Amino acid sequence: MHELSIATSIVDVAMETVDRLNASRVSAVNLRIGRLAGVDADALRFSFDVVTQGTRLEGAALAIAELPVVAFCDRCDRDVELPAANFMHCPLCDQVTGIIRQGKELEIASLEIDE
Amino acid sequence: MTTRIVEVRAGILKKNDELARDLRRRFESAGVFVVNLVSSPGTGKTAFLEHTLSYLLAHGRRAAAIVGDLETDNDARRLARSGAPVRQVNTHGRCHLEAENIGAELGAFGLTDLDYLFIENVGNLVCPSSYDLGEALRVVLLSVTEGEDKPLKYPTMFNSADVAIITKIDLAAACEFDAAAAHRAINDVRPGMRILELSAKTGQGMDAWYALLDDARRARHP
């Protein structure tokens with residue numbers, strides 16, 4: 001259950017920006033989480049609500065953009081979106097594709113802050 | 001009072017990643033090859049590592065280990081039987097090791113006096129995948145008792161590791177282990193992943209592991 005650790009890390013990283021800008025409050029946190037990042041969005045939301053209590057992120061909305069796995073197929077010569085995270089084959093031509101372009105992201109894209 | 005959107009574009013685990021990068025630099029300049037072993041609980045990491053440490057020491061290599069568990073120092077005691085220096089980290093509830101845990105133990109070792117440092121992670125195929133420990137090689141282990149489709153259930157971990165090792169191969173017949181199915185599963189989830197099959201107990205397949213270790217180390221520290 002490491003979503004609690006992840007949520008704590010979100011607060012730590014967000015607070016760097018909050019302190020730098022001297023913001024009074026954060027109203028939203030926008031995340032980008034890839035399907036291969038191994039983080040469950042629901043567990044993360046729950047953990048986020050817990051760890052933000054008493055901080056300037058308390059009450060902030062958590063928006064999570066869940067990114068699919070995208071790989072490069074060298075036979076089709078293009079990026080393809082994989083329907084599953086555990087089957088690295090091109091959905092168009094079935095060629096094995098191990099070149100991952102997207103899917104491992106675990107990022108804070110932006111914050112909505114009150115100054 | 002105004003509200004505005006501020007771009008951050010930072011990794012959530014930025015702090016761990018920065019610590020891990022520092023560790024990686026330290027390890028590189030000290031010439032120590034670091035291996036992170038991950039698996040479910042009960043796969044056989046400790047037995048595998050104990051045999052590895054014994055072998056390395058018997059062949060004039062200098063090796064040490066850091067082992068993480070929620071509780072007990074049982075694994076550290078077992079590993080110490082090899083004669084290698086070992087440190088036990090108890091997380092008391094955290095399900096994975098982080099770079100900070102590793103950094104805290106390095107004072108016990110003279111890094112420049114080591115050829116290898118092994119990290120036996122907390123038994124867990126989920127959470128350790130997200131945490132860079134500064135290692136040069138990440139090995140995911142799974143035993144013949146765990147089911148051939150195990151890799152399909154844990155794509156994140158298999159995609160974060162460099163090598164897969166199938167353990168307890170001496171039990172394969174008793175488990176009716178389908179090696180071809182296991183290899184297919186690993187290749188479906190991580191095409192081209194290097195796969196070893198071995199038994200720490202009988203020694204079968206361990207030579208290939210020792211050779212892999214040696215080659216990997218030489219590639220980094222020629």
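**Salt bridges, a parallel sheet and a surface patch**

Arg94(B) and Glu98(B) form a salt bridge, with their closest N and O atoms 3.5 Å apart. The term salt bridge here means a side-chain nitrogen of Lys or Arg within 4 Å of a carboxyl oxygen of Asp or Glu. Arg94(B) is partly exposed, with a relative accessible area of 26%. Glu98(B) counts as buried at 14% relative accessibility. Buried means under 20% relative accessible area, exposed means over 50%, and partly exposed lies in between (1.4 Å probe, protein chains only).

This is a predicted model, in which local features need pLDDT of at least 70 and side-chain atom pairs count only at pLDDT 80 or more, while totals for chains, interfaces and linings use all residues; side-chain values use heavy atoms, with hydrogens and water left out. Residues are numbered from 1 along each chain as its sequence is written, and chains are lettered from A and ligands numbered from 1 in the order in which they are written.

Salt bridges that share partners also join Glu16(A), Lys14(B) and Lys15(B) into one network. Over all chains, the count comes to 22 salt bridges. Among them is the pair Arg77(B) and Asp73(B), whose closest N and O atoms are 3.0 Å apart. Arg77(B) counts as exposed at 56% relative accessibility. Asp73(B) is partly exposed, with a relative accessible area of 32%. Another salt bridge links Arg9(B) to Glu7(B), with the closest N and O atoms 3.1 Å apart. Both Arg9(B) and Glu7(B) are exposed.

Now turn to the sheet of chain B. Its 7 strands form an open sheet in the order S4-S3-S5-S2-S6-S7-S8, and the pairing is parallel. Strand S4 (86-90) and strand S8 (194-197) of chain B stand at the edges, each with a single partner strand, so one side of each has no neighbour in the sheet. Neighbouring strands of this sheet are turned by 20° against each other on average, direction ignored. Two strands pair if DSSP finds at least two bridges between them. Strands (E, at least two residues) and helices (H or I, at least four) are DSSP runs, numbered from the N terminus.

Follow the bridges across the sheet. S2(B) and S6(B) run parallel and are joined by 5 bridges. Within S6(B), Leu137(B) is the bridge partner of Val35(B). S6(B) is joined to S7(B) by 5 bridges, again in parallel. There, Val139(B) stands opposite Val163(B) of S7(B). Strand S7 (residues 163-167) of chain B is joined to S8(B) by 4 bridges, and the two run parallel. Ile195(B) in S8(B) is the bridge partner of Ala164(B).

Helix H9 (residues 206-220) of chain B packs on the sheet. H9 touches strand S2 (33-39), strand S5 (116-120), strand S6 (137-143), S7 and S8 of chain B. Contact means heavy atoms within 4.5 Å. The direction of H9 makes about 135° with that of S2(B). Axes are lines fitted to C-alpha atoms, for helices over the stretch in contact, and angles run from 0 to 180 degrees between N-to-C directions.

How many residues of S6(B) are buried? The count is 7 of the 7, so S6(B) is largely enclosed by the rest of the structure. Leu137(B), Val139(B), Leu141(B) and Ser143(B) point one way from the strand. Arg138(B), Val140(B) and Leu142(B) point the other way.

Finally, look at chain A. Leu4(A) lies in helix H1 (residues 3-21) of chain A. Leu4(A) is partly exposed, with a relative accessible area of 36%.
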